[in-house]
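Here is a friendly walk through one model, from its domains to its chain contacts and then to some local packing. Please have the viewer open as you read.

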Amino acid sequence: MTLEFKQVEKRAGAETHIYPTDLKLEDGGFNILLGTTLSGKTTMLHLMAGLDRPTSGQVWFNGKNVTGAPVQKRNVSMVHQQFINYPNFNVFENIASPLRIQRTPAAEINKRVASVAELLNLAPLLKRSPHELSGGQQQRTALARALVKDADLVLLDEPLANLDFKLREELRDELPKLFENRGCTVVYATSEPNEALLLGGHTATLHEGQVTQFGRTEEIYRRPKDLRSAQVFADPPMNTAPVAKRGDTFVLNETVNWPTMERQRTLSDSAYTVGIRPHHITPVAGRGHAVPVEGEVLITEFSGSESVIHFRIGERTWVSQSQGIHPFEIGSRAQFFIDAANCIYFGPDNELVSA
Amino acid sequence: MTVKLTNQKAWFLVAPVVVLVAFNAVIPLMTVVNYSVQESFGNNIFFWEGVKWFEEVLHSERFAASLMRQIFFTSVILLIEIPFGVAIALSMPRKGPWVSVCLVLMALPLLIPWNVVGAMWNIFSLPDIGLLGKALNSLGIGYDYTQEPISAWFTVILMDVWHWTSLVVLLAFAGLSSIPEAYYHAAKIDGASPWAIVRYIELPKMKRVLIIAFLLRFMDSFMIYTEPFVLTGGGPGNATTFLSIDLVKVALGQFDLGPAGAISLIYFLIILLTCWLFYTLTMKDEAQ
Amino acid sequence: MSKINLRELKHSYLENPSRDEDWALKGMDIEWSDGGAYALLGPSGCGKTTLLNIISGLLVPSHGRVLFGDEDVTDTPPERRNIAQVFQFPVVYDTMTVYDNLAFPLRNRGVPDKEIDPRVREIAQMLDLEEMLLSKAAGLTADAKQKISLGRGLIRSDVNAILFDEPLTVIDPHLKWILRSKLKEIHRQVGSTMIYVTHDQTEAMTFADQVVVMHEGMVVQVGTPIELFEKPQHTFVGHFIGSPGMNVLPCEFDSGVPRFAGHSIETASTSRPAAGYSRLEFGVRPEFVSFCPDGIPVEIVKVNDVGRYRIVDTRAGDARIQILVPEGESVSLGRAQVQFDPAHTQIYADGWIVAEASS
């Protein structure tokens, strides 16, 4: 099962929602569309499903041109951010609904609904109606409906965004397992970089209607093609600053500089943009090349097991992310350590030169 | 290979609506337009008259008089029914068993057919045997709607208020029940007075349904026919001859099809224009 | 302004609660000092909204008293409690301008205009609303409307407390962190007692000096963000705070020494539980589990690269142990041995920590 976009473009009036895009989604894989709100994720999903028609370009599915084919003919299933179920059907009927439309025999329906319900821990709830379920159970029901159909293409539009934090953690863990060995192509839209990393598979980074990069999720995270892809794939945002390479050192300002790594020896001496992920600037010196910097603490945030600290050096704001809870007095001066070994560098055109 | 693009069969699903609208609206309207520009002396013989009937109607004192009566009637009942309906809705309970009791009581007048309403009030107001008529007269108020224009107007308006205020109440109540509880909590915490709650929360949140209520009541009252016809027959004299009653007199009483067609079209345009103006003006803020 | 005292508070929505589950709040005593920043944190259905409604006066508790300073306000209606509240969804007066919205609570209390004006401008500046002071509130985005609601909550300087009920629900995810830290900053400037209800641990821990964690109608821990992370008083806190949550593993005592999977474990406290418990566990966060050559044998079943670290999923028999491995260390599937950091390993009996009272 492959899904291919050939120069697909979507415009509405004078606005361009999706710029001409070439994209080939892997055979039976788990694919992630990563981008902020309004970056075009939902439009992309609608184009894939056939809910929207591209303004120009073609959509190919399994070697067939399906551009403009209505969604009913495409064996697609979709799960939305809102929990969408038929309110006056019970859970069983909700899950069975796509099979009823396909006129599947009753015995077959019973068997398939039972197995999907088992998989999603819905077996004891089959007789309930959706309004008697918790948010997590409602979304499981919607997922079950998408799964039971054995669709070729499963589209998930931020399915976990409306769930409580811990429930999200739990379902996120289960999701990739659910689709393993089913042979369908899954596309999962999310605005959270951490979610993309946890889900694995392949990722397309989306920025203002353009796919900036597509490849294996870890690969994109570690070797972003350019500054924009790196920024889409960073939460909290990646720290960037102009640096100058002079011989064996990178110079940030008069007081802060650090040695080049082995892999950066070949770069010519000139101006670059350094990208430092927040977890490579920590209040405690890590192993390796820790470069001390001092700044004024602006904001501290705690996420339960991690601290995010915003601080200022000169005019520029930096973000540090570290494990554990590290309280700082707002407005105080504090020392942080840059992990020089993990800095990445972009050239003058913002293309990656060294990761 | 290419998959077939769009399914054209869907057009058939629209066909019944097209047919229905044609028979229901377009064809009758065209017939009226047809009459309004021609003169007929029977036997299905017609002469082209252009805009003659329109000029005649617009210059006729009779049309002006019934139009003024109509405007006066509609204004009076709107001025009474809308505030009165809102007031009743505001004072109704929002929760508990009494809600359904109140709603059913409110809905009762709406369930009674127009001609029955007319007949009911006809009898109810008779000065010699009707409860209302007799009571008023025994209080020393000279009341006789069959003889006296002021009594007739009073009765017609009272009947309309009785019949239709409920509609405003139900719509306003629906608007009120859609206001989230948090608004009331917030207002209490902000120290808002009961009047401030009505002024800044309930009325603004009811705005949309009140516009609907206003439009419905405007259109219905402007076209009112059956109830005053049954009650007063347009009298005494021409005192309660509203536009529609007059129109029927012209069309069926005198069989002047041309002028009747012209009156119908002018009538239609007045309603259309007023509704459009009102709607665009009130919705101007919402559009942003 | 005054401190807030909740005494022996219990509440049930039923007429005659009999069983334990009938209580939405199962009894609590809390004291909040004047000017503090507090959070009520817990999953949906834990009773935090019930508690908030009792504090604001929308609900009268079935049992116990609410005191603001020395005054018993248990039966006082919300409008007479002198509190401010910000709701989950924006509440704005559509027909008023942003300025009038902010001034509304002051005008209702007869504050003279010349005192209102500087206050409105000050609050508008804190929330970046200055630009839109004269626009009608109706046409604004949900973000801006919620800022107006926040502003109306903050405008009165004499309130006993400001209550926030999941105030960032409608805010766009990419603006959330800005407002989140903004609220903290505002608390510093305004100095009122603030109580923030949320299910989001980041919002709670970022905002509050003291976090009250609730679970099934009970307060399971009141503590600073560090205490919640390093020394959860209940296994629920360990599970709920942190991502992934704490490993909670079964253990047993063998001549006073806790043992797991045939190995003895060192723990932070040498206290032992009184007899009569039915379930004995120990808890250790994934951050404090590491590989070591002669530790407890486990089977690594999954490695999840999250960029800044990897989450390693292992099994020791039936027990699941998650480990956080820093970036750069190699991990491969198969057998391994792990150890637990004794300083961060705690014993729990029936879910509650077994330790000497914390200092």
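## Domains, interfaces and packing

Chain C is assigned domain 1 (4-235) and domain 2 (243-353), with bounds that come from an automatic or database domain assignment. This is a predicted model, in which local features need pLDDT of at least 70 and side-chain atom pairs count only at pLDDT 80 or more, while totals for chains, interfaces and linings use all residues. Residues are numbered from 1 along each chain as its sequence is written, chains are lettered from A and ligands numbered from 1 in the order in which they are written, and side-chain values use heavy atoms, with hydrogens and water left out.

Taken over C-alpha atoms, the centres of domain 1 of chain C and domain 2 of chain C are 37 Å apart. The size of an interface is often given as the accessible area lost when the parts come together. Here, buried area is the accessible area (1.4 Å probe) that two parts lose on being put together, summed over both, and contact means heavy atoms within 4.5 Å.

Which residues of domain 1 of chain C lose the most area to domain 2 of chain C? They are C:Phe229, C:Pro232 and C:Thr235, together 49% of what that side buries. On the chain A side of the interface with chain C, A:Lys166, A:Glu301 and A:Phe302 lose the most area, together 16% of what that side buries.

Now for chain A itself. Helices (H or I, at least four residues) and strands (E, at least two) are DSSP runs, numbered from the N terminus. The axes of helix 4 (residues 135-148) of chain A and helix 5 (residues 165-179) of chain A come within 12 Å and cross at roughly 10 degrees. Helix 4 of chain A is therefore roughly parallel to helix 5 of chain A (angles under 35 degrees). Among the residues that meet are A:Arg140 and A:Leu143 from helix 4 of chain A, and A:Glu170 and A:Leu171 from helix 5 of chain A.

Chain A also has an open sheet of four strands in the order 2-1-4-5, with antiparallel pairing; strands pair if DSSP finds at least two bridges between them. Strand 2 (15-25) and strand 5 (64-65) of chain A are the edge strands, each pairing on one side only. Strand 4 (residues 56-61) of chain A is joined to strand 5 of chain A by two bridges, and A:Phe61 has A:Lys64 in strand 5 of chain A as its bridge partner.

Definitions and conventions: Axes are lines fitted to C-alpha atoms, for helices over the stretch in contact, and angles run from 0 to 180 degrees between N-to-C directions. Angles under 35 degrees count as roughly parallel, over 145 as roughly antiparallel, 65 to 115 as roughly perpendicular and the rest as oblique.
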